[in-house]
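I set out to record the packing and the strand arrangement of one model. The entries below follow the order in which I looked things up.

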Amino acid sequence: ALQGRAPGVQIYQKSGEPGAAMSVQIRGISSITGNNNPLYVIDGMPVNDQAAIGAASAGGATSNPNVRTPMNALNPSDIASIEILKDASATAIYGSRGANGVVLVTTKKGKAGKLSVNYNATFGQQEVANTQRFMTGEEYTSAINGIIAEGNLNTSNYIPVTGKNYDTNWQGLLLKNAGIQSHDLSLSGGDDKTKYFISAGYFDQDGVMLNSGTTRYNARVNLENSVASKYSVGINFTTSYIKDNYNANGTGINDNASALYMAQNYDPTEAAMTAEGTYNRSVLMAPMDNPLAVINGQYSTGNTYRTFANMYAEYFFIPSLSAKARIGADLNNSQRSFWIDPSTLTGASYKGYADVRDGKRGSYLLEGTLNYNKTFGQHRISAVAGYTYERLTSSSLVANARSFPLPDLSYY
């Protein structure tokens, strides 16, 4: 909704995997090695964008390097507006935390009137629009044998390719058409004093690469009770559960790379599977593995539970002077499990490798302000005095094991 509409703001998705976070850069990159992410403020509460756990890795194969942002835990259908604060306006309110800008997210509130029930459903199909063209088996054979012949290379070390009739499209073996769907249900209404907005959401996206996808469940309750110039109390509560299925996203080369990288470079004259049903390997490709073996045998799953909650109360001593108190919490509980099967070359060296991680992050807010607003003819005076207390907590647990007697044990 913001892309192309907010001057000086660059928004792009960090990767094409399901559930990948959106990168928001306000006024460009301010640090080469530091954090360039903006501060997210949801319904008046600053939230923590740090990951609860890091990515697991073994042999250079990373389970998932793409950290999610707080926006991943929100249902887009619950958002009423998004605003951007930048430059002096961001730091004046939020101090150094706003140095990279501030993203203000306001969720929907109830309106006075009869009960309103809304249901929205979407269904779609995803497919890769453009794939790369690689050498056929015949073209590859001609190229390899031509290099050996023209370079006068020792054929005992560089074996010519002969007698193979396969023409394997490794890229095609990893890709598929994938479904995507979402369902959103909301109830809202109220009277002159009390208003409510209640919603539930479900989102499911299968990945166009094998063994990838994300599923999100959301629930929200926004309540407000107020009398103009007297008092206002309310609660904003949302909770979500996200399950992610990740491919190995190694960013290195050869055996440290992802399955898609291997598919771009693997020998097309080799069959994907042997007659015995095991993964076939090319002697020319070691230590690079069979791409199909990597996509099926090197993966991870993630479970994220996140809750944003804040309560506020404002009392007006006189119409121009009020006191407001707010308490809030941002709770992030994440687990990630990573497995490298012995059927892969990396997994064979470990005899199976499992890594299980659990992380918890909490952010707690207590805030009190005095607000004065007075208009004298064409003049207006506004003043705010306040105190804010925040507490951040974190804990993590990491366990890994190797040399599994039975590969079916995995990380369960």
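The notes cover conventions, then the sheet, then the nonpolar cores.

Conventions. I number residues from 1 along each chain as its sequence is written, and side-chain values use heavy atoms, with hydrogens and water left out. The model is predicted: local features need pLDDT of at least 70, side-chain atom pairs count only at pLDDT 80 or more, and totals for chains, interfaces and linings use all residues.

Sheet. I took helices (H or I, at least four residues) and strands (E, at least two) as DSSP runs, numbered from the N terminus. I counted two strands as paired if DSSP finds at least two bridges between them. I found an open sheet of nine strands with antiparallel pairing, in the order β9-β10-β11-β12-β13-β14-β15-β16-β17. β9 (113-126) and β17 (379-402) are the edge strands; each has a single partner, so one side of each lacks a neighbour in the sheet.

Ser-300 lies opposite Phe-338 in β15.

Cores. A nonpolar core is a set of buried (under 20% relative accessible area, 1.4 Å probe, protein chains only) Ala, Val, Leu, Ile, Met, Phe, Trp, Tyr and Cys residues joined through side-chain atoms within 4.5 Å. The largest has 16 residues, and Leu-174, Leu-292 and Ile-295 have the most contacts inside it. α3 (170-174), α4 (259-265) and α5 (291-297) each give two or more residues to this core; α5 supplies the largest share, four residues.

Leaving aside residues up to four places away in sequence, Ile-295 touches Leu-174, Met-209, Leu-210, Asn-211, Asn-247 and Ala-259. I also noted a second, separate core of 15 residues, including Ile-42, Val-47, Ala-73 and Phe-308.

Note on methods. Buried means under 20% relative accessible area, exposed over 50%, partly exposed in between (1.4 Å probe, protein chains only). Contact means heavy atoms within 4.5 Å.
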